[in-house]
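Here are my notes on the model you asked about. Have the sequence and the 3D view open while you read.

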Amino acid sequence: MNSKPLPVNPAPDPASPPSAPTSEELKATLRAVFDRQIPNYGDYNLVCGSNSFEAPGAAARGWAPPRRRNFVIGYRWHPAEVVVAPFDEKSLAATGVPVAINMTNLARVRRLPGANSSPGGYEVAASTGKAFRFGVDDSMPLAPPSVRPGERATRGTRSIEQAHDAADFHEFMADFVQRGLPL
């Protein structure tokens, strides 16, 4: 029998690959991506969205399907506004300038039909010409991080669990679409 007490948090085995980050860790990382770019970032609820809701064959005949794009989407009810901040799903780094769309610069907003088991998505566009198509699901899988030479890949999948947040976002978007309808 071993008389030494077992360590509370044993050191990870250097031979095994690191575990994938938890959903909460991924959310914290994406919150930081959003917060670094947006003034008054605390006013927004966040969800993770992607254009992957579109069916693989959704592109016009002869055209390649759209490449997967991911977004941290901030939204607030009062004043009604959506902020779309693109990010790279492998590095979790910002990949573009966030775009705020509200009632003063809204060109269009509409609900898009779903395909297969997807509930569909949304299209929002600002009067500046910037437009985004995205869906928000209860669980948003992310690609594994890029592995540099000499590094081991993480084990497990990366996924953001956001069922409660997604439900609130869909409720918000139903209201936002109604507000964006022409009089």
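The points below go through a sheet, its charged pairs, and a few single residues.

1. Ground rules. This is a predicted model, where local features need pLDDT of at least 70, side-chain atom pairs count only at pLDDT 80 or more, and totals for chains, interfaces and linings use all residues. Residues are numbered from 1 along each chain as its sequence is written, and side-chain values use heavy atoms, with hydrogens and water left out.

2. The three-stranded sheet. An open sheet is built from three strands in the order β5-β6-β7, with antiparallel pairing. The edge strands are β5 and β7 (131–134), each pairing on one side only. On average, neighbouring strands here are turned by 10° against each other, direction ignored. For the terms: helices (H or I, at least four residues) and strands (E, at least two) are DSSP runs numbered from the N terminus, and two strands pair if DSSP finds at least two bridges between them.

3. Inside that sheet, and on it. β6 and β7 run antiparallel and are joined by four bridges; Y122 has F134 in β7 as its bridge partner. Helix α2 (residues 163–180) packs on the sheet and touches β5, β6 and β7, its direction making about 130° with that of β5. Contact here means heavy atoms within 4.5 Å, and the angles, which run from 0 to 180 degrees, are taken between N-to-C directions of lines fitted to C-alpha atoms, for helices over the stretch in contact.

4. E123, worth a click. Is E123 buried or exposed? At 8% relative accessibility, E123 counts as buried, where buried means under 20% relative accessible area, exposed over 50% and partly exposed in between (1.4 Å probe, protein chains only). E123 and R108 form a salt bridge, 3.2 Å from N to O; the term covers a side-chain nitrogen of Lys or Arg within 4 Å of a carboxyl oxygen of Asp or Glu. E123 lies in strand β6 (residues 121–126) and R108 in strand β5 (residues 106–112), so the pair ties together parts that are 15 residues apart in sequence. R108, for its part, is partly exposed at 39%. Salt bridges with shared partners join R108, R110, E123 and R133 into one network.

5. More on E123's surroundings. A polar contact of 3.3 Å links the side chains of E123 and R133. That term means a pair of N or O atoms within 3.5 Å; within protein, one must be able to donate a hydrogen and the other to accept it, and residues adjacent in sequence count only if both atoms are side-chain atoms. Leaving out residues up to four places away in sequence, E123 touches R108, V109, R110, L112, F132 and R133.

6. Other salt bridges. How many salt bridges does the rule give? The count comes to nine. One of them pairs D43 with R76, with the closest N and O atoms 3.3 Å apart. D43 is in the loop between α1 and β1 (45–50) and R76 in strand β2 (residues 70–76), so this pair ties together parts that are 33 residues apart in sequence. R76 is buried, at 16% relative accessible area, whereas D43 is partly exposed at 45%.

7. R31 and D35 meet through their side chains at 3.4 Å, N to O. Both lie in helix α1 (residues 23–37), four residues apart, about one turn of the helix. R31 counts as partly exposed, at 29% relative accessibility.

8. The β8 and β9 pair. Strand β8 (residues 139–142) has M140 and L142 on its covered face and S139 and P141 on its uncovered one. β8 runs antiparallel to strand β9 (residues 158–161), and four bridges join them. P141 has S159 in β9 as its bridge partner.

9. Two residues that touch this pair. E89 sits in the loop between β3 (81–87) and β4 (99–102) and is buried at 12%. The E89 side chain reaches the backbone nitrogen of A143 at 2.8 Å, and residues touched by E89 include P141, L142 and R158. L26, in helix α1, is buried at 1%; among its contacts are L92, L142, S159 and I160. L26 and L92 are 66 residues apart in sequence and 8.4 Å apart in space, C-alpha to C-alpha.
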